[in-house]
Amino acid sequence: MNKNMDLLNLILDRRSCKEYQPEPLDRPTLAAIVEAGRYAPSGMNRQMNHFYVITDNAILSSISRLVSEKLPGFEGRDCRYAAPALVVVANRKDNPMALQDASCAMENMMLAACAVGVASRWINQPFALSDDPDLRALIGVKDEERVCASLALGRPVGPLYPGRTERTGNLVTWVSGQ
Ligand SMILES: Cc1cc2nc3c(=O)[nH]c(=O)nc-3n(C[C@H](O)[C@H](O)[C@H](O)COP(=O)(O)O)c2cc1C
């Protein structure tokens with residue numbers, strides 16, 4: 001199989017993970033994943049994503065605790081599924097394409113993670129708490145930035161590729177002229 005087919009299969013086989021091994025990821029592995037995020041396209045090539053890579057257990061636990069305390073429905077739950085790493089993607093408040101830019105980086109990182117044997121899951125709650133001063137202080141988000149997305153990362157407890165699932169949504173219409 002040529003490399004292009006490998007990439008297409010990786011895209012179709014990637015799955016989000018909810019159960020992670022507690023062992024930390026080594027820094028080169030994390031750095032390779034984040035580098036893929038840095039190489040994502042951005043509107044007008046502004047490259048304004050800011051990747052906060054969090055591996056400190058105390059900070060990770062504090063983020064989970066804040067979410068539990070402040071977001072309804074998360075009482076007693078760990079929004080990051082105890083993953084040993086979380087990459088928070090922030091972008092400039094004055095960038096009208098901040099969310100799009102962050103989303104491109106997120107997908108790049110999810111795919112890169114698969115490629116190096118790491119499982120991941122988009123965690124939306126830090127975005128929901130983007131204006132929360134406690135969350136911002138915990139991560140060190142700059143005043144001019146907003147939190148756009150975050151990605152839990154770690155080695156999966158189960159298989160990295162648990163099986164391709166049929167997509168039943170996401171319509172496709174081939175538009176033809178008359
Ligand atoms: C924008 C976005 C936000 C998401 N937020 C969360 C989240 O907060 N918590 C969670 O467990 N999964 C979250 N997910 C993961 C989705 O639930 C997951 O991608 C979806 O169920 C499809 O599964 P798959 O990624 O294995 O194909 C999010 C995914 C996206 C793209």
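How far from an oxygen atom of the ligand does a polar side-chain atom of Arg 14 lie? In this predicted model, the polar side-chain atom of Arg 14 lies 2.9 Å from that ligand oxygen.

## The ligand and its shell

The ligand is surrounded by Arg 14, Arg 15, Ser 16, Tyr 81, Arg 121, Trp 122, Ile 123, Asn 124, Gln 125 and Arg 167, and these shell residues divide into three nonpolar, three polar and four charged. Taken on its own, the ligand has 610 Å² of accessible area, of which the protein covers 62%.

Helix α1 runs over residues 3-13 and contains Leu 7, which is partly exposed, with a relative accessible area of 46%. Together with Met 5, Leu 8, Ile 11 and Leu 12, Leu 7 makes a nonpolar surface patch of about 440 Å².

Asp 13, also in helix α1, is tied to a distant part of the chain, since its partner Arg 164 lies 151 residues away in the segment after β4 (145-154). The side chains of Arg 164 and Asp 13 meet in a salt bridge, with N and O 2.7 Å apart, and Arg 164 counts as partly exposed at 45% relative accessibility.

## Salt bridges around Asp 132

Side chains of opposite charge can pair when their charged atoms come close. The count for this model comes to six salt bridges, and one of them joins the side chains of Lys 70 and Asp 132 at 2.7 Å, N to O. This pair also links distant parts of the chain, with Lys 70 in helix α3 (residues 57-70) and Asp 132 in the loop between α5 and α6, 62 residues apart.

## Other features

A further salt bridge is formed by Asp 94 and Arg 92, whose closest N and O atoms are 2.7 Å apart; Arg 92 counts as partly exposed at 31% relative accessibility. In helix α6 lies Ile 139, which counts as buried at 12% relative accessibility.

Conventions: Residues numbered from 1 in each chain as written. Predicted model: local features only at pLDDT ≥ 70, side-chain atom pairs only at ≥ 80, totals over all residues. Heavy atoms only, no water. Near = heavy atom within 4 Å. Polar contact = N/O pair within 3.5 Å; in protein donor to acceptor, adjacent residues only side chain to side chain. Areas by Shrake-Rupley, 256 points an atom, 1.4 Å probe, with all protein chains shown as cover. Nonpolar A, V, L, I, M, F, W, Y, C, P; charged D, E, K, R; others polar. Patch = residues over 30% accessible without salt bridge, like charges linked within 9 Å, V, L, I, M, F, W, Y side chains within 5 Å. Salt bridge = Lys/Arg side-chain N within 4 Å of Asp/Glu carboxyl O. Helix = DSSP H or I, 4+ residues; strand = E, 2+ residues; numbered from the N terminus. Buried < 20%, exposed > 50% of the residue type's maximum accessible area, 1.4 Å probe, protein only.
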